[in-house]
Amino acid sequence: MDGSGSIHQSIPSWLTSVLLGYGAPDAAHYKSRQMRSYALNTPGVTPPDAALDYGDTFLDESHLKDSFPQCNLVVDNNKTDSDISHDERKKYRVRVLDQDGASSAFSPAIYTPNTKVEATSYPFAKGISGNPVRFTPVQVEAVRSGLSPGLSIIVGPPGTGKTDVAVQIIANLYHSFPTQRTVMARGDIPERYLLRLGSGERDLQTTSQHDFTKMGRVAHTLERRATLLEQVQLLSESLGVSGKAERGADGSPSYTCETAGYFNLHHVLKRIHLFEKKVKELKNKTESDVSDKFPFRAYFGDIGKEGTARLSIQEARARFSRIQEVFLELAEYRPLELLRSQRQRSDYLLTKQARVVAMTCTHAAIARSHLIEVGFQYDNLLMEEAGQMMEIETFVPLLLQKGESDIAKSRLKRICLIGDHHQLPPVVKNMAFSKFSNLDQSLFTRLIRLGVPYTELNRQGRARASIARLYSWRYRELGDLGHVSTRKAFKVANAGFKYPFQMINVEDFEGRGESTPTAYFYQNVGEAEYAVALFQYMVLIGYPAERISILTTYNGQKDLLNDILRQRCGDGTPLAGVRPGAVSTVDHYQGQQNDYVILSFVRTQAVGHIVTGEHYPTERSLDEKVPSKSTLEVTDVSHLGSIVHSMQEQLLTTGNQ
């Protein structure tokens, strides 16, 4: 491996013993004595008792109080419980002191009445919606762990919001340490600081109109540069420094990033200093109208008009800040005027401008040599779905940079692994490698088995309580969020079905059960026909097709499902063009979700019940008993097929969709 001689510099010293499996399992945890010493003696790392910037993690002061149960909470030095305000949203910096309880592998979040929590609020930025999630105390502890130096392991059972926690950690890291780079992004991080490497973006199911690839970021930067230079040109023309005649033949601005900087220095800042000098001479500064002294009236165009005649000193300074933000951003784009090739520009964005870089572990292995060659460096590493990565895949992202040359140490300060070792392990097709070499055990799983402290999220809000009970026994104290028992969507029944979930036995269809046309290419025609017929039934009674996913455990069955869907919902059929939200294998679908799932195991046994005469959405409650005359037991694939066929015939006859 190129550059392997610097591995000892790339891997943090505080992580080595934990990776090798000797020494104290909690040595890399942020509460350990080793990490406290590291934090105190390493530049750029927050001391153990320093205040951490939680940004918009808390929705209100009540949420802040609930997030630190049993603690002695002090907000802004003197507030008490009676002073809690629910009206105005704020951001908070939080400092946790006098933590008596020691961390353990099973309960790292231990708070006692002796634990003092000091919170300092600061204004919430206008025009930003902010985090909408009311994080639980365990989720807040996970965010705290991710913001602290060291190794953080977060176990997220299905529906517990581990992706929300990951996004919050990334956002808080950016706002807390804006000069540091995080490898692994969020609406309140400026778009120019986000970058995605590799081609995985095309597989994402997203409504975003932004292109975060290297080429997309370069195009966005150049477009943004042109927009800002146009504002500089308009400002210059409003001050009489330049005129429209100086524009290009196509009307483009006459300024570059370099000349814009000179214009700011000699004309804009000069006028701001003169304004401040005049303000000092005013007697009543709080109520003074400074519109006549404001130097950029012509540029803003709304000063001096009816309804906007007055301009306070604070408003004037806010407008100065808006102007200076333009020049500060243009200063970041100046190197692009010197770099001409696409490769040079994209490498510059990667190594100098981007603060959050996302990539897959596969791309990290492919691009490692180039990243080291261009001097890529990063301070924080966050991996999602770490429980499904092979150990070597998890190890490669640690080696994407050389060690600090002057101190021969790793620059990495925080490593956060998020996943679930109770879900799918790494996929290793070679059985010998999988079992005898133990390649099906992820680094995430190995560290947990070694007793490394972890935070396990303990409240799910995705599934009905009855469905969650199918897997909650695998986790410690996994419960439900409040909305699972109160929100209507969880309380009403599934239209057309008697039970919230059913295990359906599909007998051999036309004398055929399982088949393997080629090795490991498992198919079951009966199950595939049943799954597609069930999908048709749901669509015909009103379910939105995109809210239904059809999953299976084998690629062969997935291909068969797609073939049958093309036949049953193809051209010339009543459901022409209708497709489910996804047709995928279980391992490829991990990390995604949908409202209704049809799962084909290919090898399974049980009986299905549907409710006749009911359409989506239904008002029938989940606990309401269905009369036996309205219940129809589906005996086999042919029976369900005949039901769907009759419904399609009725659809063609009535034309009612």
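At what angle do helix H7 and helix H11 pack, and how far apart are their axes? Before selecting them, note that this is a predicted model, in which local features need pLDDT of at least 70 and side-chain atom pairs count only at pLDDT 80 or more, while totals for chains, interfaces and linings use all residues. Residues are numbered from 1 along each chain as its sequence is written, and side-chain values use heavy atoms, with hydrogens and water left out.

**First stop: two packed helices**

Select residues 214-239 for H7 and residues 342-353 for H11, and you will find them packed at an angle of about 90 degrees with their axes 9 Å apart. That makes H7 roughly perpendicular to H11, a term used for angles of 65 to 115 degrees. Axes here are lines fitted to C-alpha atoms, for helices over the stretch in contact, and angles run from 0 to 180 degrees between N-to-C directions. Helices (H or I, at least four residues) and strands (E, at least two) are DSSP runs, numbered from the N terminus.

Now show the side chains where the helices meet: Lys-214, Met-215, Arg-217, Val-218, Thr-221 and Leu-222 come from H7, and they meet Gln-342, Arg-345, Ser-346 and Leu-349 of H11. Contact means heavy atoms within 4.5 Å.

**Second stop: salt bridges**

Side chains of opposite charge can pair when their charged atoms come close. The structure holds 20 salt bridges, each being a side-chain nitrogen of Lys or Arg within 4 Å of a carboxyl oxygen of Asp or Glu.

Glu-237 lies in helix H7 and Arg-247 in the loop between H7 and helix H8 (257-280), so the pair ties together parts that are 10 residues apart in sequence. Glu-237, at 18% relative accessibility, counts as buried, and Arg-247 is buried as well, with a relative accessible area of 17%; buried means under 20% relative accessible area, exposed over 50%, and partly exposed in between (1.4 Å probe, protein chains only).

Next, select Lys-413 and Asp-379, which form a salt bridge with the closest N and O atoms 2.7 Å apart. Lys-413 is in the loop between helix H13 (391-395) and strand E10 (414-419), and Asp-379 is in the loop between helix H12 (361-373) and strand E9 (380-384), so this pair ties together parts that are 34 residues apart in sequence. Both Lys-413 and Asp-379 are buried.

Finally, select E16 (residues 548-552), E17 (residues 582-585) and E18 (596-600). These 3 strands form an open sheet in the order E17-E16-E18, with parallel pairing, where two strands pair if DSSP finds at least two bridges between them. E17 and E18 stand at the edges, each with a single partner strand, so one side of each is left without a neighbour in the sheet.

E16 and E17 pair over 4 bridges, and Leu-551 has Ser-584 in E17 as its bridge partner. E16 and E18 are joined by 5 bridges, and Thr-552 has Ser-600 in E18 as its bridge partner.

Which residues of E17 are buried on each of its two faces? Ala-582 and Ser-584 are buried on one side, and Val-583 and Thr-585 on the other.

Technical notes:
Parallel < 35°, antiparallel > 145°, perpendicular 65-115°, else oblique.
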